[in-house]
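Here are my notes for anyone opening this one for the first time. Have a look at the model, then go through the points in order.

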Amino acid sequence: MEKPTHSIEYETMLLGRYYHLTLSRAEREGDHLDRSAYVLLSRIQLVGPMSIGQLSEAFDLDPSTLNRQTSAMLRAGLVERIPDPDGGIARKFRISAEGERRLRCQRDEIVRSMDKVLDDWTPEEVATFAACLQRFNTDIERLTGRPWPRP
């Protein structure tokens, strides 16, 4: 590869593929969240109830797309629609107890899978990799103007 960024592009493509394959397999095997529900629930869990408008701004997605996704999540019992706790007009989506449970279970499963992959790595290598991934993501967020909250 000519430049390191070519290698990064290729490796992130593979990472996305492997991650997608893992999630697809988990979805086929049972009670797992699809990718959009996993990401939406993660955001709502971190920041609290959000309206369609807030989700649209956070994800840079059309409200109609989010309406479809949140409707599916409502039907699955993953979120609840509530009045705005701050007194606004728009109703908001709050993660339900079932959504919390399923998100926690899936996250735990993903972490267990990562632990297997990283089993031969030193703690320092794992920490360095985590720090580089976080920096990569926060730099993308800075450039797009859409920071992601972190726990």
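1. Phenylalanine 59 is buried, at a relative accessible area of 18%; buried here means under 20% relative accessible area, exposed means over 50%, and partly exposed is what lies in between, with a 1.4 Å probe and protein chains only.

2. Before going on, a word on what you're looking at. This is a predicted model, in which local features need pLDDT of at least 70 and side-chain atom pairs count only at pLDDT 80 or more, while totals for chains, interfaces and linings use all residues. Residues are numbered from 1 along each chain as its sequence is written, and side-chain values use heavy atoms, with hydrogens and water left out.

3. Back to the rings: how do phenylalanine 59 and tryptophan 148 meet? A search of the whole structure turns up two aromatic pairs, where rings of Phe, Tyr and Trp (its six-membered ring) pair if their centres lie within 6.5 Å. In the pair of phenylalanine 59 and tryptophan 148, the centres are 5.5 Å apart and the planes sit at 75°, so the pair is edge-to-face; planes over 60 degrees apart get that name, those under 30 count as stacked and the rest as tilted. Phenylalanine 59 belongs to helix H3 and tryptophan 148 to the segment after helix H6 (123–144), so the pair ties together parts 89 residues apart in sequence.

4. Now the overall layout. The protein has six helices and two strands, in the order α-α-α-α-β-β-α-α along the sequence. Helices (H or I, at least four residues) and strands (E, at least two) are DSSP runs, numbered from the N terminus. The C-alpha atoms fill a box of roughly 50 × 35 × 25 Å along the principal axes. Of the 151 residues, 25% count as buried.

5. In soluble globular proteins, nonpolar side chains tend to be buried together. The largest nonpolar core here has 19 residues, and Leu33, Leu41, Ile44, Leu55 and Met73 touch the most other members. Two or more residues each come from helix H2 (35–47), helix H3 (52–59), helix H4 (63–75), strand E2 (92–95) and helix H5 (97–117), and the largest share, five residues, comes from H2. By nonpolar core I mean a set of buried Ala, Val, Leu, Ile, Met, Phe, Trp, Tyr and Cys residues joined through side-chain atoms within 4.5 Å.

6. Setting aside residues up to four places away in sequence, leucine 41 touches Leu33, Met73, Leu78, Val79, Ile95, Gly99 and Leu103. Contact means heavy atoms within 4.5 Å. Across the protein, among contacts between residues at least 6 apart in sequence, 50% join residues at least 24 apart.

7. Serine 56 is in helix H3 and is buried at 14% relative accessibility. Beyond residues up to four places away in sequence, serine 56 touches Leu61, Asp62, Pro63 and Leu66. Aspartate 60 lies in the loop between H3 and H4 and is exposed, with a relative accessible area of 54%. Check its backbone too: aspartate 60 has a positive phi of about 55° although it is not a glycine. Most residues other than glycine have a negative phi.

8. Where does the chain's arginine 150 sit? Arginine 150 is in the segment after H6 and is partly exposed at 34% relative accessibility. Leaving out neighbours within four places in sequence, arginine 150 contacts Leu46, Gln134, Asn137, Thr138 and Glu141.

9. Last, glutamate 98. Glutamate 98 is in helix H5 and is partly exposed, with a relative accessible area of 29%. From glutamate 98 to glutamate 109 the C-alpha distance is 16 Å, and the two are 11 residues apart in sequence.
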